[in-house]
Amino acid sequence: MRSLAISSIISTQLACEGGIIGVESLPHLGLSVVASSSTVIFISNSQIIREVKWSEMDREKDGDKVVVFGVIEGRIVCIYSSGMISCVDCDSGQVEQSMLPLEGEIVAGAINPVTSVIALIVSNGTSITMAILDPNTQFFHAFLEGVDVKTREAGLDELVTVGWGSEKSQFQGKAGKAERGKKTESGIERRSATRGCRLVWREDGEVFLVNYYDSEEEKRECAIWNVEGQLISRILSEYHLEEWSAFKPMGNMIGVASEGRVIMAERNGEMRNGVIRVDEVIKGGRIKEGAWNCDASILVLQVEKSEDTLTHYLTLWTCANLDWTCKLVVPFEGSIPAWRWNPERWNELMVVSPSNELFTLNFALPFHTSNGVVATMGTCSLRLTNLNRVILPPPLAETFETIAPPSALFLSSSHLLAITLHRFIYHYSISVSSSTPLSTSLLFSFPVSIPTNAIISSISLINDEYAVGFTHHSTHYIAFFDCKGLLLRREVVHSAVISTKKEKDDSLSLLLADRSIHNELNHVEGPSNNSILAFHQFSESGMGVYTLDYSSQLFHNGTILSNDVSSFTYSDPFIAWIDNSFNLHVTDTLTSEKAEVRRVEKGARLVCVAPPKVILQMPRGNLETIHSRFFVIRSVRSLLGLGEVKNALIHMRKHGISFSLLKEFSHFFSSSIDWLCGMEDGNLLSLVITELISIPECTAYCDMLVSSILSLPSVHILRFFPCILTALLLSKPWKAETAFRWMVDHLPKNTSRSSTLRHWLQVCSSFMNSSQIFKSSLSTYDLPFVVEVVEALSIDPNEYMHILRELNELDDLFYRAYKMDVLREDFGCALDNLCRSSPPRFGEIVEVIKSKSLYAIALRIYGDLNEKDPLFNTIGRLALEYFSKEGKWKEAAIIGRSIGEYEEEMKLREKMTDVEGWVTAIELSGIEEDERTRRMNEWKHVLVKGGKWNAAAALINHMKCGWEERMEVREMAKDWKGMLCDAKYDRNNNAEKRGREILKRRSDDMEREIQAEIGEIERLSNRLNVVREKKREMIARMENGDIGLEDLERCDAFSESSLASSRSHSSRSSRASSVSRRTKKIEKKKGSLKEGGEWEDAAILIVCHAHWKTCRELFSESVYLLPSLVSFRLFSSLSSLSTCLDRLECTLISHSSLIWPSKLESYHLTGPLSHIYEGGCMSSEGRMPSFITIDHEMNPPPPLNEKEKEWRINL
């Protein structure tokens, strides 16, 4: 699925004498080494820092070829076929040379990557032997030599076949015998094959492979040996083997060239599935060299092809799901002198070109994606898949386009570009649809003039121009071509061009290999570190690019987003990445909204984001899709916003999104119900109702949805009727009775109703027992339906048969309904139906009312009858008697008046002290005047004796009595307004004189009360301030560390609290009882105003509340007292009392903010400090409190309202 792209190109021009013999990397020194036959060149940061001459003559010209070249413990070592060894110390540059005492010509050799032991193959013309040298000894002493490579002995791990044996030993018949006599083509050596020898070590340094040509057998052999010179196994092959062979660093696999292909074998020689078809990429080419990188993710094969000119190709291969594909081809005109992978960096390849340029290439394995379409390079093909429509794991794809091996690839939402190794550009248009397979069409195909030895780094489409980035002769270019291949312009840049983009302001942005961003109009800051680029994607919503380097840092331009990223992808406006702990992060770049972090499988990599899907490639190569709630909820909101409720509900059910999201679009449940007609899945709607009804705040939406369904035509109601039943069943309380009634009212009497009933009863049985279901069905009053329910319940029919038989014998439908209601224990409906039955059953009605206390319902039913109707009077008297016994005197009095029982009403009014109602009742009763006066006087004496002065004052308004008595009652009731009225009707002015005396006395008493209240409030306020200051000092001492929490209980002021606390802890009683006792003690202490008490501040606040209540009563009385003083011309008393009231009001206002401050400090909390700290209100360590308890006495009283301020008279 991943492509292969060049992420960095660093070039250095070399001026070497003689031919290049090798290139090496010294990561620990940060150096690259290039050696020619006469000179060793040391390079750092693309600059030559030192040259060491290690030979005066070009030995290769004399036929002395280089067999081994490498680095051993800080020394550059070169071994020639003659046995000459040349060494150069990397630090000092000292050169050493010596000759190996070996007989014969050295034809192959290699350095052990772990122990630095050197294995050599020596040929003396007739035999091939092996020698192993120890580089740590003087003159590279050979501790093993003379081992015959052509030995026919069995290896230690030689493959042994059992059973049928090998193919050659099996019986094949006459035809098979004749076929074996023929010489197969695989035994004939290819013209391009060489007869050289190859030796290569495995990565762990335990064994090595020898690939040699056996002239006696006229074929090649591959054998595996260990470091002791013991044969391990041979590779068995029916194919013709070629010279190149190598170990795969991981997986214990061996790759061997064979007839233009690479075949795979195990250590024991058994061939494995998996063939690399190099001949399909470079036809007629020969595999000359090859090597895996350090993590075995990329295989580089150097292919040589000779036609008119000699051309070498570096082909780069990757494997996924046993599918070997050529991802990239880098051609060179001429012979490649040397190349090598960096042994510590998997993505760095060093290549010396035919023109003696050292290229350091860094590769990346990106996913070429755009809007959910992924493109990747196959072997001579382009593979495209629309992941929005179908998920196909590699090597499968939706569309294949046959093409020569590409050197660079570009993908946009509607275009695909590829430039091949032959310098041809192919331009395809892409057609994407969610319902049809992806399709492509070739728009243009044309050659471009780019040098053969140039390395192409990128290709892009910019406003109908084709931008190609390449590097040639250590210079980096970007060239622009038209659709005919004509060069429009070419520019030189300071680093290789990795990608280009046309910005919204028509400026051109270039992403260069050094991770800088070059824009022709604007300055865009790039990352500041020097790490190699691993992956990039341009931002579509703004200027700049997202880049990921190999140090796991993700940048947007020069801003770091995360320093722990393994892979990322960008799809406007979302960016997603997986960190090195394999957690998935998704962020909206426009709103900065972040999705919930999600765990993914270890080794997973992001392919693309195609909302609502996030597509990952697993370590096994398969693709997996995550439907992130972050995207799904957005998609659902979008669908609901467009009115596509059906699709939104399907998405919500598929991805487990709560249907409570629908409450944001409540109009779909009320006004807009057209979407219901298009719903086909009634079960889905039932799920919606089931979830909504379980959420308290969404129950109303469920009711609206049911109402909307009932407003549809009957055809749709029948389809969604199970949804209605579901809503009724799940409602709290259950509405089973309503469900049965709707079945009878809306469903036709056919098999459809029977099947619906049976299905619903199965569901109901999980919530209700059979008795409850039977009683609920009786609410329909439809006896055949009740019988149908009993049959569908699958219970013993005899259990209800006698009941149904009795109901069936009743001809009167209302009386039958009455009996059904009695069975349901719905006696209200039972009484209603019984009253409608014919003939009337008065005795049974009265009995039902009395036994079930249905007086209110009976009055509602018979309220329209004439008051003289005997049935109405009987029911009224029963209700009067019932409410009187229940203590509901008001209701009983109303009923007594309605049935004319005025005597009973008067008794009830007397109990309620309802003077006005009592007076009205005695007037309606028609009692004579004398008797009425007598009764009023009797009740007046009762009220006065009971101290009910207000009621007595109201009663004397309706009766005749002397002014002395009136004045006495008015004074005790403080009815100053009534006293004024009584004084006006006294012609002798005696009442007025008495009134003046009473008002004068009350005014003086009120002044003294006000003065006392003011003094007490000031005293309490001052004492409260003293208590709080003392508590403030204690808290300050604790904060300064002078005392600790344990010292509080030793203080005299809190000794009583300490003793109570110790007693409660030592008690063996339950925690609940000890808390209860402690609470009672605290409440008792709050009632004590003893100075120095531990709860003194709380007691003061409680007393202050009482004083505030008294003051409010004084203000309320003054509203009527002051106008009366004016009416009686007591202006001096008015002035004096008004002054006192003003002072009282000011006192309340000023002291209220002191006693109950709006800003609470720690010392404002009531109770001892030990109680406050233990209760969690304060922290002794200086931390924030976990909670604060505000006792009721700490709540301030409400301020004076406008009515209480109406006492003020400005005269």
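Some ground rules first. Because the model is predicted, local features need pLDDT of at least 70 and side-chain atom pairs count only at pLDDT 80 or more, while totals for chains, interfaces and linings use all residues. Residues are numbered from 1 along each chain as its sequence is written, and side-chain values use heavy atoms, with hydrogens and water left out.

The whole chain, then. The protein chain has 33 helices and 54 strands; helices (H or I, at least four residues) and strands (E, at least two) are DSSP runs, numbered from the N terminus. Of its 1211 residues, 50% are buried. Buried means under 20% relative accessible area, exposed over 50%, and partly exposed in between, with a 1.4 Å probe and protein chains only. Among contacts with a separation of 6 or more, 49% are between residues 24 or more positions apart, a contact being heavy atoms within 4.5 Å.

Next, the cores. The largest nonpolar core has 51 residues, and those touching the most other members are Leu649, Leu685, Phe740, Met743, Trp760 and Leu761. Apart from it lies another core, of 36 residues, including Ala991, Cys1104, Leu1125 and Leu1130. By nonpolar core I mean a set of buried Ala, Val, Leu, Ile, Met, Phe, Trp, Tyr and Cys residues joined through side-chain atoms within 4.5 Å.

Now a sheet. Four strands form an open, antiparallel sheet in the order β2-β3-β4-β5; two strands pair if DSSP finds at least two bridges between them. The edges are β2 (20–26) and β5 (47–53), each with a single partner strand, so one side of each has no neighbour in the sheet. Between β4 (residues 39–44) and β5 there are six bridges.

Last, helix α18, residues 842–852. Which of its residues are buried? Ile845, Val846, Val848 and Ile849 are. They lie on the same side of α18 because they cover an arc of only 160° around the axis, taking the directions from the helix axis to the C-beta atoms. The face turned away from that buried side carries the exposed residues Gly843 and Glu847. What do the buried residues pack against? Their partners are α16 (813–824), α17 (827–836), α19 (855–862) and α20 (870–885). Just after α18, Ser853 takes a positive phi of about 55°.
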